[in-house]
Amino acid sequence: MDRGIWKAPLILDRDSGVLYIFSSTENLRIVTEKIKNGNRTHYIYLLTLYCEDGGVEQLELIEDEMREMRAKKIMGDDISLVKKVAVIHYSYLNGIPIDGTISFLDNTGNERLAIKIDDYLDEKQENMPEMLDTPRNLEVKSAPLVKWNPKKTEEKQKKGNV
């Protein structure tokens, strides 16, 4: 997904219709608060278009059409395949992700169900193959999932918008 100066992966399971989005817990909290306060332009809100009905929200037909048009700008015609949106998010302590959660959203962008990732893994543990032993002192480094889009940043700087 390319959202101006941000790039982030979206993963769509075409068989189940689940769209996976990655976020920090703090960012998700801020976004859902903005949505509750009427800001309906954030991509998370746009991508929940075909999710289960949330609280009472009557939008005019023109608003629905605009939402679908904006969602198609992000995902093309694949947006019609999205039946559930799962946001995988973590809090961070000294740069280390903690408190992993999978939050399922309704069509109003509100959290419908939250599952702690540890709880989910504990349930599935007996079905998982035996894990490889990893040395405790091994430092695992990974690149952030959501990152700056340098092309967009350079373009905006040239235009004098940054």
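These are my notebook entries on a predicted model, written as I looked things up.

**Entry 1: confidence**

The mean pLDDT of the protein is 79, and 68% of the residues reach 70 or more.

**Entry 2**

Next I wanted the strand order. Which strands form the open sheet, and in what order? I read five of them, as β3-β4-β5-β6-β7, with mixed pairing. At the edges sit β3 (10–13) and β7 (111–116), each of which pairs on one side only. On average, neighbouring strands here are turned by 25 degrees against each other, direction ignored.

I also checked what lies against the sheet. Helix α1 (residues 25–36) packs on it and touches β4, β5 and β6. The direction of α1 makes about 110 degrees with that of β4.

**Entry 3: pairing, strand by strand**

I walked through the pairs in turn. Strand β4 (residues 18–24) runs parallel to β5 (residues 84–93), and seven bridges join the two. As a landmark for this pair I noted Val 18, which stands opposite Lys 84.

From β5 I moved on to β6 (residues 96–105). Here the pairing is antiparallel, over eight bridges, and Tyr 92 stands opposite Pro 97. These two strands make a hairpin with two residues between them. I looked at the turn and found Asn 94 with a positive phi near 55 degrees.

The last pair I checked was β6 with β7. They run antiparallel and are joined by five bridges; Leu 105 stands opposite Glu 111 there.

**Entry 4: the nonpolar cores**

The largest nonpolar core holds 20 residues. Which of them touch the most other members? My list reads Leu 19, Ile 21, Ile 44, Leu 47, Met 75, Val 82 and Val 85. I then asked where the core comes from: β4, α1, α2, α3 (61–75) and β5 each supply at least two residues. The largest share is from α2, with five residues.

There is also a second, separate core of six residues, and it includes Phe 22, Ala 86, Ile 88 and Ile 102. A general reminder to myself: in soluble globular proteins, nonpolar side chains tend to be buried together.

Leaving out residues up to four places away in sequence, Val 85 touches Leu 19, Ile 21 and Leu 47, along with Thr 48, Cys 51, Ser 103, Phe 104 and Leu 105.

**Entry 5: Tyr 43**

I stopped at Tyr 43, which is found in helix α2 (residues 43–47). Is Tyr 43 buried or exposed? Its relative accessibility is 12%, so it counts as buried, the cut-off being under 20%. I also took a distance to Val 31, 12 residues apart from Tyr 43 along the chain: the C-alpha atoms are separated by 9.5 Å.

**Entry 6: salt bridges**

Arg 14 and Asp 78 meet through their side chains at 2.9 Å, N to O. Arg 14 is in the loop between β3 and β4, and Asp 78 is in the loop between α3 and β5, so this pair ties together parts that are 64 residues apart in sequence. Arg 14 is exposed, with a relative accessible area of 52%, while Asp 78 counts as partly exposed at 26%.

Arg 29 and Glu 26 form a salt bridge at 2.6 Å, N to O. Both lie in α1, three residues apart, about one turn of the helix. I have Arg 29 as partly exposed at 46% and Glu 26 as partly exposed at 43%.

Arg 112 and Glu 52 meet at 3.0 Å, N to O. This pair links distant parts of the chain: Arg 112 is in strand β7, and Glu 52 is in the loop between α2 and α3, 60 residues apart. Arg 112 is partly exposed at 42%, and Glu 52 is partly exposed at 39%.

Conventions. Residues are numbered from 1 along each chain as its sequence is written. This is a predicted model: local features need pLDDT of at least 70, side-chain atom pairs count only at pLDDT 80 or more; totals for chains, interfaces and linings use all residues. Side-chain values use heavy atoms; hydrogens and water are left out. Two strands pair if DSSP finds at least two bridges between them. Helices (H or I, at least four residues) and strands (E, at least two) are DSSP runs, numbered from the N terminus. pLDDT is the predictor's confidence in each residue, from 0 to 100. Axes are lines fitted to C-alpha atoms, for helices over the stretch in contact, and angles run from 0 to 180 degrees between N-to-C directions. Contact means heavy atoms within 4.5 Å. Buried means under 20% relative accessible area, exposed over 50%, partly exposed in between (1.4 Å probe, protein chains only). A nonpolar core is a set of buried Ala, Val, Leu, Ile, Met, Phe, Trp, Tyr and Cys residues joined through side-chain atoms within 4.5 Å. A salt bridge is a side-chain nitrogen of Lys or Arg within 4 Å of a carboxyl oxygen of Asp or Glu.
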